[in-house]
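Here is a report on a two-chain model. Please read it with the structure open beside the text.

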Amino acid sequence: MKCNRLVDAGRRQFLRGGIVGAAGAAAATVFPAQQASAAGALAQVDYPSNRLANLADLAINEPMDIEYPDADSPGVLLKLGEAVEGGAGPDGDIVAYSVLCPHKGWYLTYNGEDRSLNCPGHFSRFDAEAGGQQIWGHATQNLPQFTLRVDDKGDIFAEGCSDLIFGRPSNVL
Amino acid sequence: MAYKRQIDRLPIPPANAKVHNVTCHYCIVGCGYKAYTWPRNQQGTTESNAFGLDLAEQQPADGTWLAPSMYNMVKQDGKDVHLAVVPDHDCVVNSGLASIRGGRMAENRPSKVTGTQQQRLSDPLVWRNGVWQPTSWDDALDLVARVTAKIVDEYGEDELLVSMFDHGGSAGGYENTWGTGKLYFDSIKVKNCRIHNRPSYMSEVHSSRDMGVDELNYSYSDYEVTDTIVIVGANPLETQTNLFLNHMVPGMRNGARFIMVDPRRSVTVNAAEEVAGKENVLHLAINPGTDMVLFNALLTQAVDNGWTDADYIAGNSFQGGEAVAMGTGQPSGLGSLDYAMQSCRTSAAEAAEICGVAEADIVKAAEWIAKPKDDGTRRKCVTGYEKGIIWGNDNYRTIGAVVNLSLATGNIGREGTGCCRLGGHQEGYYRPSDAHVGRPAVYFDQHLIKGGGKVYHVWACDHYKTTLNAAQFKRVMKRRADMVKDAMDAAATGTREEMVDAIVSAVNAGGLFVVDMDIIHTQIGANAHVILPACESNEMNLTSMNGERRLRLSERYMDPFGNSKPDCLIAAGMAHNMERVLREMGNDAYADQFKGYDWETEEDAFMDGYNQGNPEVTYERLRAMGNNGVQEPVTGYEDGKLVGTPRLYTDGVFTRHGREDGKALFCAAGWRGWQAAGKAQEEANHEFWINNVRANIFWQNQFLDQDNDFIQDRFPYPFIEMNADDMARLGIGAGDLIEITNNNGATQGMAYPTDTAKPGQVAMVFGSPAGSQGNVVNPGVNELNLPDYKHTWGNIRKLANATPQAKAVSFKSKEYKA
């Protein structure tokens, strides 16, 4: 069953400030849904390259609602303001994560004060500045982190994911 | 940088996968899981799979999901098969929730395909030529039996020392406690023995039992319908995770208030505030070790305000003053409530002074627990306690004070009530009588340190990581064991007979011959001479009961690793060899004592032990009861189902003390400050209180987690939570390696700045392989040799700057922030 209620809830949680336009941009992406089965003979999941936003759309510590690798997989795009290991962009400070808690799939909320992602269901917490490391919680993995590429026009693309996203047997369904 | 699994796709369990009932073998809660196994060359599809779900669609929150940690490839009947172990939505214990421990059961299985848990022991090992050499069971058991038989036959059974687990889950359970118990309490009468987590062979909750109250008397559902939850010296969100999430949280959502008694603010307090609202949570952050005073004051409030349950007390408790006098092995008197009050009476003002909390908060807590509602009905209260007082100051009287309050307010034996320990492992104890051990039982660690014993059998215990006074224990045991290793090395070219003679000479000179049964190489096992490989739950069938006495059969779904065996069958093998060797020695009468171990399987051991006392209970019937099992005691078998007991003492007859009158006793819990030797002086001489705490991420002493990359990435060293001002004053930064020292020894860990840590108080995680907190715990115990691990003081200094591993981890607050 598809759970649009939860997807909508996730959108609401992250649609804050002036980032509505960016969410629209992500929703306009075309997903190669049929490629997953065609690529079945390959050893790796074949990820789509989706444009998430442009550098100009990001403000420091303002979370942007994204969806990757498809519309049912909500995420967050963050410009942290300081370079972090694994950070993308000219300042090495841009990261993106799934916001489905890898414990039971609840939507994480972003706390800008200590830059953590928090689960209202069972109180797990993840560090946006430490590669999504679980600070404390019940998940048996750290937060799936999306692999980012920034092109020379400043467009930010997601092109992979570090861990399995909650609720799927394959990151690309 | 956080550990990345780099897994983005998993095999799908097919619709025809084999399904096995699994009870999580880690903590006492015993969550239900389903294990799916299927052949290597098969798989399900998104349309057709074992879950019966359309996996082409995103699953909703709380839905079924196979996380990478829940998958592995293991041996089953000699073949490599896929394994998926996922939480069971139909189990009433956890309703589909997994903890960070149970959710990793699959990946913590040994697999030669995926490379997990390659630390597991596969073959018997014997110390030969300066190393451990793999050998056959026959060879290893022959050496064990020849040395052990010679010692017990010639020098007496008191020369055999035994450390043995008494728990369920893991590699414990009714099968394995029976196998070891029959060997050491029936075939032999071993007196010099101890349990895995305490330096003597005795109960952790003597006073509750002496009062007539079994320490596991409720049903978890009682939390859901109570008015007030009281937690004392426990941290259930971390250590009984799904008891908190699946039973206490619904209780709070139904309106229950939450009282926490703990010097430290834990994530449990934080989560309770999120669920119930701060106005319905009361954290009594008492001075360390003063729990008894607080509960005496709460009892006094209830008595003086007429909030006790007079009918319950009159009908169910002893009325004649003193019933049991204080004496040797009896740390306080027991009797009627009036009798106990002569020792317990404490005003709120006195308690506020001693406990360091506001008098108004003590009054408020008493009201939340005992003051009848406006309509005159009684409030219902569930009380849960654990190591904070079990391993705390004056164990007997403190637990007595807690149980006193529950008894006086009618809060045991009724729906929505209970007074229980929260527990560590599951339970699974079925052994012959231990009466010969005596009360108080021998202080085992001191006996070994003083040179007692010649042969030492260690069953799944790693005291080097977990005992008190560990530094001295390790030094002495290593010295004694090395004497035997040297003798064995010198006799390497001789016959078996010459080898045995060399070992016996060495132990007669003060050495110790050590046989270690475990699933991995342990720290204490480093000083063993024979190591015998055991297997765990699900590599064998295993029965245990959880913290509400829920008995389940956790089914075997894979083969034991290599040539490892269930502990009960290792014990049987020892018995067979003891019988043979004693007969060869010409002692037929002694040899005959080792008959009765004709067990081919763990089920045979179960039928020989537990089933003899509980004839209704068989594997077949338990299998049919599935992951919801049956709550002990089992009273019958009707309509194809075992009939259990959801709650003890519903008839008001208290039986745990064995008194014929069935009346509960109150404990004369008179306060006497620091009870254990040396505590007051240690506190006076050192700067920091070294609290000994647990974390949800580690199971016990990390025996499997030490080989789990996800876990070790988070905490590469044992964390020591510390106040930021204390750190700044001592020049310590986040992640720096620090050393704790006192007269008992030294240990080390990683500083974790914690804004809720009080100045002068640090909290170090227990039992770490990279820093044993037990090194700095003094040998002080109570009259029954219960250790006080929780009260240790030391000084702290910086050892080193944060290593690259430590620098990479998060040091943010563990508390949920919306």
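In the hairpin of β5(B) and β6(B), two residues lie between the strands, and B:N129 takes a positive phi near 60°. This is a predicted model. Four bridges join β5 (residues 125-128) of chain B to β6 (residues 131-134) of chain B, and the two strands run antiparallel. B:R128 has B:V131 as its bridge partner in β6(B). β5(B) also pairs with β18 (residues 530-533) of chain B, again antiparallel, over two bridges. There, B:L125 has B:I531 as its bridge partner.

| Strand pair | Sense | Bridges | Residues paired |
|---|---|---|---|
| β5(B) and β6(B) | antiparallel | four | B:R128 and B:V131 |
| β5(B) and β18(B) | antiparallel | two | B:L125 and B:I531 |

**The open sheet**

Five strands of chain B form an open sheet with parallel pairing, in the order β11-β10-β9-β14-β15. Its edge strands are β11 (281-284) and β15 (418-421) of chain B, each of which pairs on one side only. From one strand to the next, the twist averages 10°.

Helix α6 (residues 267-276) of chain B lies across β10 and β11 of chain B, at about 160° to β11(B). Helix α11 (residues 359-370) of chain B also packs on the sheet. Helix α11 touches β9 (228-232), β10, β11 and β14 (381-385) of chain B, and its direction makes about 130° with that of β11(B).

**Helix α17 and the cores**

Helix α17 (residues 496-508) of chain B has 13 residues. From first C-alpha to last it reaches 18 Å, close to the 18 Å expected at 1.5 Å a residue. Which residues of α17(B) are buried? They are B:M499, B:V500, B:A502, B:I503, B:V504, B:A506 and B:V507. An α-helix has 3.6 residues a turn, so residues three or four places apart point the same way. The cover over the buried residues of α17(B) includes α1 (137-155), α16 (470-490) and β17 (513-518) of chain B. After α17(B) comes B:G510, with a positive phi near 110°.

The largest nonpolar core has 174 residues, and A:L77 and B:F513 touch the most other members. Apart from it lies another core, of 68 residues, including B:V213, B:L407, B:I412 and B:C667. Leaving out residues up to four places away in sequence, the contacts of B:F513 include B:I503 and B:V507, along with B:L143, B:V144 and B:V147. B:M488, B:H529 and B:V530 are also among them.

Is B:N404 buried or exposed? B:N404 counts as buried because its relative accessibility is 0%. B:N404 sits in helix α13 (residues 395-408) of chain B. Beyond four places in sequence, B:N404 touches B:M211, B:L299, B:C344, B:F666 and B:C667.

**Where the chains meet**

The size of an interface is often given as the accessible area lost when the parts come together. Chain A and chain B bury about 4,900 Å² between them, with 54% of it on carbon and sulfur atoms. A:F123, A:W136 and A:T140 supply 16% of the area that chain A buries against chain B, more than any other three residues. In contact terms, 57 residues of chain A meet 58 residues of chain B.

How values were computed:
Residues are numbered from 1 along each chain as its sequence is written. Chains are lettered from A and ligands numbered from 1 in the order in which they are written. This is a predicted model: local features need pLDDT of at least 70, side-chain atom pairs count only at pLDDT 80 or more; totals for chains, interfaces and linings use all residues. Side-chain values use heavy atoms; hydrogens and water are left out. A nonpolar core is a set of buried Ala, Val, Leu, Ile, Met, Phe, Trp, Tyr and Cys residues joined through side-chain atoms within 4.5 Å. Buried means under 20% relative accessible area, exposed over 50%, partly exposed in between (1.4 Å probe, protein chains only). Contact means heavy atoms within 4.5 Å. Two strands pair if DSSP finds at least two bridges between them. Axes are lines fitted to C-alpha atoms, for helices over the stretch in contact, and angles run from 0 to 180 degrees between N-to-C directions. The expected span of a helix is 1.5 Å times one less than its number of residues. Buried area is the accessible area (1.4 Å probe) that two parts lose on being put together, summed over both.
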